[in-house]
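Hi,

Here is the structure I promised to pass on. Have a look at it first, and then read my notes below.

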Amino acid sequence: MERRPTNCPCLPRTHVIRSSGAGGAPASAMSSMDILRGCQRFGDFTVDRADERLIGPDGPIKIGNKAFQVLAQLIDHQGKLLTKDALFSSVWDGTIVSESSLTSVIKELRRALGDDPREPRYIESVYGRGYRLIRSVEDSRAEPAPPASTAREPAGLMPSAGRPPLVLVAPFGDDSVRDHYPYCGSQLREEILSGLSRVREIQLVADDGNRSGNETRGYQLTATLLPDGGGVKVIARAKRLADGVVLWAETMPLGDGAEIAEGVEKIVRRIVGSALPALDEDLVLGLPPHPGDLYDAYLVAKRLSFTATTFEQACEARDALQRIIAERPDFGLAYPPLVRLYHTDFAWTALGSTGPDERAEALRLAKCGLAADRSNAHAHSVLGWCYLWHNERALARRSFEQALALNPYNRVRVEEAATAWGYLGDFDGADKLLARVAELDPFPDDDLCEDAGRLKLVRGDYEGARQCLLQIVGGTIWADLYLGACETALGLSSGKERVGRWIQRVESAWHGGRRPDRGDLRAWVRRHHPWPAEAEAAFFAPIEQALAA
């Protein structure tokens with residue numbers, strides 16, 4: 001049974017935060033009359049126009065900038081047809097975009113409202129023409145929220161908890177291309193803001209002034225659009241606010257004419273998928289030796305939960321995360337790394353140490369974490385893993401689908417879904433997700449090579465799997481076993497030596513100081529590879545052959 005953490009209030013969350021220089025929401029989405037009348041209700045939902053928030057029965061719901069503007073337009077035209085041309089003109093300010101951009105926004109709104117397009121309760125499609133809001137709208141007497149002149153914290157954070165890093169997105173420089181592509185810079189910036197707004201571990205500020213500062217956890221993302229033959233290229237940078245040090249930069253072609261709409265989507269993936277990991281790494285490297293607030297303590301514990309090399313270190317991370325949750329049950333970010341420790345035998349430092357009790361506790365924690373912050377993609381993905389370990393495959397798939405819908409730009413979340421798709425028997429879907437990971441980050445890491453190798457191994461492509469696995473440079477808990485299985489199946493003598501090394505590694509990290517026998521090893525491998533029945537033989541046959549050699 002799902003247990004919502006006590007003392008877990010619904011906390012405000014805006015989809016994007018406008019600084020005082022931004023002039024509030026776009027004119028198309030908010031007017032002085034909207035501010036005077038405060039909130040508007042339709043069905044089970046409330047729209048706070050002054051603070052740009054959509055609030056549902058369970059609290060604030062995170063939606064993108066364009067989605068909020070479209071919803072505002074539908075409310076303003078309640079019951080009346082709102083044509084696609086009118087939406088492109090008002091929300092996209094006449095910028096030339098493909099019709100799929102509007103379709104994606106409508107899908108996002110329907111997900112947020114729980115609306116079925118086949119039997120709509122809120123948004124009705126008028127085929128080929130546009131959309132209308134079919135629920136009546138009532139003005140609320142509730143006082144409007146104060147203007148969002150300062151950055152707000154994501155759900156799961158209170159002022160005493162400390163603040164996540166600030167990311168300012170300044171207006172993009174497009175002077176050199178504005179004559180030929182007058183809306184290109186603003187369109188790209190809005191799409192990047194929409195992509196970044198899906199990330200839970202940052203405070204996002206659309207900075208339209210000349211804001212600067214000495215923020216301890218502050219960064220700025222800038223971009224310049226320049227001519228590139230007959231088209232446009234984008235030079236993007238991420239730097240620290242405190243000292244201006246550039247942490248990430250990349251030059252990307254945007255294309256020309258009809259290619260620009262497609263180019264914008266690719267660039268959004270690259271910037272959101274590559275710049276944020278660079279900021280995250282810089283943030284962790286700059287942590288003080290003694291955490292100054294709860295957010296610092298969370299970052300230290302999270303880092304240790306991934307880097308622990310001994311069981312004692314893993315337990316230290318577990319205890320720190322448990323203390324954070326005990327102190328602040330509404331701090332949703334602390335749950336996923338704790339759940340991961342239970343899923344991975346304490347970061348692979350005490351192999352064979354976790355069993356049904358730990359996985360039951362992981363499921364309870366994952367549900368509490370999701371209750372604390374339902375718009376956190378990571379919370380959905382760890383719950384998906386819990387369901388997978390409990391053989392609730394339909395629930396697992398639904399959780400991963402929700403994680404992808406919430407943040408399709410996070411490389412780690414997409415890669416987790418790809419792994420899960422494989423265990424769910426959807427190999428083609430796993431291939432597509434791994435291809436998306438490569439688009440987000442063209443430089444494969446060890447985890448991606450292992451995932452690709454495992455997928456080829458279960459399909460019987462032993463040489464293809466071997467080539468993927470040989471690219472692993474840092475070593476993983478499974479790499480030598482997979483490689484040994486492939487080489488044994490291919491008749492290569494190196495397979496036996498590789499499996500021998502893997503067995504020694506597992507024995508040295510086995511919990512309780514005892515030596516596992518072959519039965520223990522086989523059971524442990526099966527426990528961490530939840531293949532469907534139709535794929536078990538294809539995967540475990542070469543593994544068994546390698547262990548017996």
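Leaving out residues up to four places away in sequence, Thr 354 touches Tyr 342, Asp 345, Phe 346 and Arg 527, where contact means heavy atoms within 4.5 Å. With Asp 345 there is also a side-chain to side-chain polar contact of 2.4 Å. (A polar contact is a pair of N or O atoms within 3.5 Å; within protein, one must be able to donate a hydrogen and the other to accept it, and residues adjacent in sequence count only if both atoms are side-chain atoms.) Thr 354 sits in the loop between α10 (345–348) and α11 (356–372), and is buried at a relative accessible area of 6%. Buried here is under 20% relative accessible area, exposed is over 50% and partly exposed is in between, with a 1.4 Å probe and protein chains only.

Before I go on: this is a predicted model, with local features needing pLDDT of at least 70 and side-chain atom pairs counting only at pLDDT 80 or more, while totals for chains, interfaces and linings use all residues. Residues are numbered from 1 along each chain as its sequence is written, and side-chain values use heavy atoms, leaving out hydrogens and water.

Ala 371, in helix α11, is buried too, with 4% relative accessibility.

Now the helix packing. Helices (H or I, at least four residues) are DSSP runs, numbered from the N terminus. Axes are lines fitted to C-alpha atoms over the stretch in contact, and angles run from 0 to 180 degrees between N-to-C directions.

Helix α12 (residues 377–389) and helix α14 (residues 411–423) have axes that come within 11 Å and cross at roughly 20°. That makes α12 and α14 roughly parallel, the label for angles under 35 degrees. On the α12 side the contact involves Ala 377, His 378, Ser 381, Trp 385 and Leu 388, and on the α14 side Arg 413, Glu 416, Thr 419, Ala 420 and Tyr 423.

α14 also packs on helix α16 (residues 446–458), at about 15° with the axes 11 Å apart, so α14 and α16 are roughly parallel as well. Here α14 contributes Glu 415, Thr 419, Gly 422 and Tyr 423, and α16 contributes Asp 447, Leu 448, Asp 451, Arg 454 and Leu 455.

Cheers

Key: Helix = DSSP H or I, 4+ residues; strand = E, 2+ residues; numbered from the N terminus. Parallel < 35°, antiparallel > 145°, perpendicular 65-115°, else oblique.
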